[in-house]
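Subject: Structure handover

Hello,

Here is the structure you are taking over. My notes on what was found in it follow below.

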Amino acid sequence: MTLQPITTSATYTADRAWLGSLHGTNSTETITLDISKLIAGTHYIASTDTNQPYSRIVSGVPVGKITASGLYGAYDPAATDGRQALAGFVFAETLFAPTATKIPAALLWHGVVVTAKVPGGIDITKVTASVTGPQIRFV
């Protein structure tokens, strides 16, 4: 048997059109996402490339903290598990293996967000303001 290693590379440019300014980007927090609370094609791009088996979380996904687990999932104002309270937005795209169930990410909790550019959309009329919650200004 002959083995022939091959090397490939891919370049991704983060789409941060949802980000209204750089304000707050230097003070993100580390969170852990629960992949079962995210939707393929909306919140993450599943890999179909055999040379690059990693999928990637999309930058700008609005998230809420799941009360029972402490993990984060897609913000959903109709949820009853804690995700109905907006915690912030996934700041940077993050690669993850196909079998991963928990993915580390950076949370933007303070800054300016362009509502029309949020992946999957967000209805800001359903976002409840909180003194202890995220400090986001929507434009």
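A nonpolar core, as used in this email, is a set of buried Ala, Val, Leu, Ile, Met, Phe, Trp, Tyr and Cys residues joined through side-chain atoms within 4.5 Å. Buried means under 20% relative accessible area, exposed means over 50%, and partly exposed lies in between, with a 1.4 Å probe and protein chains only. The model is predicted, so local features need pLDDT of at least 70 and side-chain atom pairs count only at pLDDT 80 or more, while totals for chains, interfaces and linings use all residues. Residues are numbered from 1 along each chain as its sequence is written, and side-chain values use heavy atoms, with hydrogens and water left out.

Overall layout

The protein has 0 helices and 10 strands; helices (H or I, at least four residues) and strands (E, at least two) are DSSP runs, numbered from the N terminus. In sequence order the pattern is β-β-β-β-β-β-β-β-β-β. The C-alpha trace spans about 65 × 35 × 25 Å along its principal axes. Of the 139 residues, 37% are buried. Contact means heavy atoms within 4.5 Å. Among contacts between residues at least 6 apart in sequence, 66% join residues at least 24 apart.

Cores

The largest nonpolar core holds 17 residues, and those with the most contacts inside it are I31, L33, I35, L38, I57, V63 and V90. Strands β1, β5, β6 and β8 (102–108) each supply at least two residues of this core, and β8 gives the most, with 3 residues. V90 touches W18, L33, I57, V58, S59, G60, V61, V63, A105 and A106, when residues up to four places away in sequence are not counted. Another core lies apart from it, with 11 residues that include L19, Y75, L108 and V118. In soluble globular proteins, nonpolar side chains tend to be buried together.

Salt bridges

A salt bridge here is a side-chain nitrogen of Lys or Arg within 4 Å of a carboxyl oxygen of Asp or Glu. By this rule there are 3 salt bridges.

- D81 pairs with K37, with the closest N and O atoms 3.8 Å apart. D81 is in the loop between β5 (72–74) and β6 (86–90), and K37 is in the loop between β1 (29–34) and β2 (44–45), so this pair links distant parts of the chain, 44 residues apart. K37 is partly exposed, at a relative accessible area of 30%.
- R56 pairs with E93, at 3.0 Å from N to O. This pair also links distant parts of the chain, 37 residues apart: R56 is in strand β3 (residues 55–57) and E93 is in the loop between β6 and β7 (94–96). E93 is partly exposed, with a relative accessible area of 22%.
- D81 also pairs with R83, with the closest N and O atoms 3.0 Å apart. R83 is buried, at a relative accessible area of 12%. Salt bridges that share partners join K37, D81 and R83 into one network.

Pockets

On a 1 Å grid over the protein atoms alone, a pocket is an open set of points where a 1.4 Å probe fits, with protein on both sides within 12 Å along at least five of seven lines; lining residues have an atom within 4 Å of a point. Grid points are joined across faces, edges and corners, and a volume is the space filled by probe spheres set on the points.

The largest pocket has a volume of about 250 Å³. It is lined by 14 residues, of which L86, A87, T132, G133 and P134 are the closest to its centre. The second largest pocket has a volume of about 170 Å³. Among its 16 lining residues, H43, Y75, D76, G120 and G121 are the closest to the centre.

Two single residues

T115 is in the loop between β9 (110–113) and β10 (135–138) and counts as buried, at 18% relative accessibility. Leaving aside neighbours within four places in sequence, T115 is in contact with I122, I124, F138 and V139.

I136 lies in strand β10 and is buried, at 17% relative accessibility. With neighbours within four places in sequence left aside, I136 is in contact with F89, L108, W109, H110, G111 and V113. I136 and R56 are 80 residues apart in sequence and 24 Å apart in space, C-alpha to C-alpha.

Regards
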